[in-house]
Amino acid sequence: MNQQRLYSVIVGPHVSEKAALMAEANNQVAFRVALDATKQEIREAVETLFKVSVEEVQVLNVKGKTKRTARGKLRKKSNWKKAYVKVAEGQEIDFAELA
């Protein structure tokens with residue numbers, strides 16, 4: 001996989017209460033990823049960018065919600081894709097060091 005694709009696969013970390021609980025309990029990290037990304041591409045991107053070994057990747061599509069605007073019209077938010085990446089025991093991804 002070329003370098004440009006590596007940087008476009010991972011959009012960014014997904015920060016939520018569930019993601020924090022999974023990080024503590026299962027050594028998993030949640031990422032927002034490109035809609036066309038595959039499990040293999042996500043695995044390669046995380047291993048290359050963060051220099052960790054990945055044990056497992058779980059991917060799910062998140063449907064965009066329908067919201068009502070101030071004028072009463074309905075708007076649909078974009079669909080997006082989330083990946084839970086399980087990192088090998090003893091390794092971790094620290095986003096504070098990257099900033």
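**Strand β2 and its surroundings in the predicted model**

Strand β2 and strand β6 (residues 80-87) pair in the antiparallel sense, with six bridges between them. Within this pairing, Ala-30 has Tyr-84 of β6 as its bridge partner. Strand β1 (residues 10-13) is also joined to β2, again in an antiparallel arrangement, through three bridges. Here Gly-12 stands opposite Arg-32 of β2. Strand β2 itself covers residues 28-33 and is mostly covered, with five of its six residues buried. These descriptions, like those that follow, refer to a predicted model.

The secondary structure of the protein amounts to four helices and six strands, and the order of elements from the N terminus is α-β-α-β-α-β-β-β-β-α. The C-alpha trace spans about 50 × 35 × 25 Å along its principal axes. Of the 99 residues, 34% count as buried. Among contacts with a separation of 6 or more, 60% are between residues 24 or more positions apart.

Ala-19 lies in helix α2 (residues 17-26). Is Ala-19 buried or exposed? Ala-19 counts as buried because its relative accessibility is 10%, with the cut-off for burial set at under 20%. Not counting residues up to four places away in sequence, Ala-19 touches His-14, Gln-28 and Ala-30. Ala-19 and Val-29 are ten residues apart in sequence, and their C-alpha atoms are 6.8 Å apart in space.

His-14, one of the contacts of Ala-19, is found in the loop between β1 and α2. With a relative accessible area of 19%, His-14 is buried. Beyond the residues up to four places away in sequence, the contacts of His-14 are Ala-19, Ala-30, Phe-31, Arg-32, Trp-80 and Lys-82.

Attention now turns to the nonpolar interior. In soluble globular proteins, nonpolar side chains tend to be buried together. The largest nonpolar core in this model has 19 residues, and those with the most contacts inside it are Ile-10, Phe-31, Ile-42, Val-46, Phe-50 and Ile-93. Two or more core residues come from each of α1 (3-9), β2, α3 (39-50), β3 (54-62) and β6. Which element gives the largest share of this core? That element is α3, with four residues. Ile-42, when its neighbours within four places in sequence are left aside, is in contact with Val-9, Val-33, Ala-37, Val-57, Val-59, Ala-83 and Val-85.

Asn-27, in the loop between α2 and β2, has a positive phi of about 60° although it is not a glycine. Lys-51, in the loop between α3 and β3, likewise has a positive phi, near 55°, in a residue other than glycine. Lys-51 is exposed, with a relative accessible area of 69%.

Finally, the surface and its charges can be summarised. The protein exposes about 6,900 Å², of which carbon and sulfur atoms supply 49%. There are 18 positive and 12 negative side chains, and the centres of the two sets lie 19 Å apart.

How values were computed. Residues numbered from 1 in each chain as written. Predicted model: local features only at pLDDT ≥ 70, side-chain atom pairs only at ≥ 80, totals over all residues. Heavy atoms only, no water. Buried < 20%, exposed > 50% of the residue type's maximum accessible area, 1.4 Å probe, protein only. Pairing = 2+ DSSP bridges. Contact = heavy atoms within 4.5 Å. Areas by Shrake-Rupley, 256 points an atom, 1.4 Å probe, with all protein chains shown as cover. Lys, Arg positive; Asp, Glu negative; His and termini not counted. Charge placed at Lys NZ, Arg CZ, Asp CG, Glu CD. Core = buried A, V, L, I, M, F, W, Y, C linked by side-chain atoms within 4.5 Å.
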